[in-house]
Amino acid sequence: MIKIKDLHKSYKMGSNSLHVLKGINFNVEEGELVAIMGSSGSGKSTLLNILGMLDLLDSGSYELDGVPIKDLDETKAANYRNKFLGFVFQSFNLINYKTALENVTLPLYYQGLKRKDREETALKYLEDVGLKEWATHLPSELSGGQKQRVAIARAMASKPKVLLADEPTGALDSKTSKEVMALIQQINKSGKTILIVTHEEDIAKMCSRIVRLKDGVIMEDKKNKMKSAI
């Protein structure tokens, strides 16, 4: 599903250059639930941004579902993101003046679905995350856990090949974190490939594989006996 070979990424820092990823080799099979761990500055967010086509690699190769990801202009990158990827962020990234339903319909709008079809699909995914009754509520009327569920419904609505989650439980208390991870495990059991960037050991233990980064290289990559979230 994902093949990364000899990936390097540097950033210009004034007259200097910061080498963030130093020859990453990393494959993910379809249906895996992978935790990417590492301290601040280890390169985990940069790796996720490259996987999400939000940033470009300097050298090496990246293949997603058999498609080489290279030489993308912003339009092509946006099309690929919409086709292949769903995103979940620590800060939810919901649009405050739109209802839960309207937030979930957004990726479907960009896929060109008619309004009726968008709303029917969005409602189904809100039901899947247990929030059908909250469809007409604004984000300001939802708890943190509910907001993240709406964000997960939005990510899933476009039927992505891969779900990328950047610290999805980072803004939540421990009880709500477990509920959100239970939902992520449930989505993974249905066959979805999911990658989670996290700095929390207990969240990583709820994944089937843990990859640890340090100073831009993979220090450890091991299968994990996945702990049930609930």
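Biologist: What is the relative accessible area of Asp 215?
Modeller: The structure is a predicted model, in which local features need pLDDT of at least 70 and side-chain atom pairs count only at pLDDT 80 or more, while totals for chains, interfaces and linings use all residues. Residues are numbered from 1 along each chain as its sequence is written, and side-chain values use heavy atoms, with hydrogens and water left out. Buried means under 20% relative accessible area, exposed over 50%, and partly exposed in between (1.4 Å probe, protein chains only). Asp 215 counts as partly exposed because its relative accessible area is 49%.

Biologist: Where is Asp 215 found?
Modeller: Helices (H or I, at least four residues) and strands (E, at least two) are DSSP runs, numbered from the N terminus. By that numbering, Asp 215 is found in the loop between strand 9 (209-214) and strand 10.

Biologist: What is the phi of Asp 215?
Modeller: Most residues other than glycine have a negative phi. Asp 215 is not a glycine, yet its phi is positive, near 50°.

Biologist: In what order do the four strands of the open sheet stand?
Modeller: Two strands pair if DSSP finds at least two bridges between them. Strand 2 (16-28) and strand 5 (67-68) each have a single partner strand, so they stand at the edges, with one side of each left without a neighbour in the sheet. The pairing is antiparallel, and the order is 2-1-4-5.

Biologist: How many bridges join strand 1 to strand 2?
Modeller: Ile 2 has Val 28 of strand 2 as its bridge partner, and Lys 12 stands opposite Ser 17 in strand 2. Strand 1 (residues 2-13) and strand 2 run antiparallel, and the number of bridges joining them is ten.

Biologist: Which residue in the turn of the hairpin has a positive phi?
Modeller: Strand 1 and strand 2 form this hairpin, with two residues between them. A positive phi of about 70° in the turn belongs to Gly 14.

Biologist: How many residues apart in sequence are the parts that Glu 32 and Lys 223 tie together?
Modeller: A salt bridge is a side-chain nitrogen of Lys or Arg within 4 Å of a carboxyl oxygen of Asp or Glu. The side chains of Glu 32 and Lys 223 form one, at 3.2 Å from N to O. Glu 32 lies in the loop between strand 2 and strand 3 (33-37) and Lys 223 in strand 10, so the separation in sequence is 191 residues.

Biologist: How far apart are the closest N and O atoms of Glu 74 and Arg 81?
Modeller: Glu 74 is exposed, at 54% relative accessible area, whereas Arg 81 is buried, at 15%. The two form a salt bridge, and the distance between the closest N and O atoms is 2.7 Å.

Biologist: In which helix do Glu 120 and Lys 116 lie?
Modeller: Their side chains meet in a salt bridge, 2.9 Å from N to O. Glu 120 is partly exposed at 45% relative accessibility, and Lys 116 is exposed at 58%. They are four residues apart, about one turn of the helix, and both lie in helix 4 (residues 115-128).

Biologist: How many salt bridges does a search of the whole structure find?
Modeller: Among them are the pairs Glu 74 with Arg 81 and Glu 120 with Lys 116. The total for the whole structure is 13.

Biologist: How far apart in space are Met 206 and Gly 43?
Modeller: Met 206 is found in the loop between helix 7 (201-204) and strand 9. At 1% relative accessibility, Met 206 counts as buried. Met 206 and Gly 43 are 163 residues apart in sequence, and their C-alpha to C-alpha distance is 22 Å.
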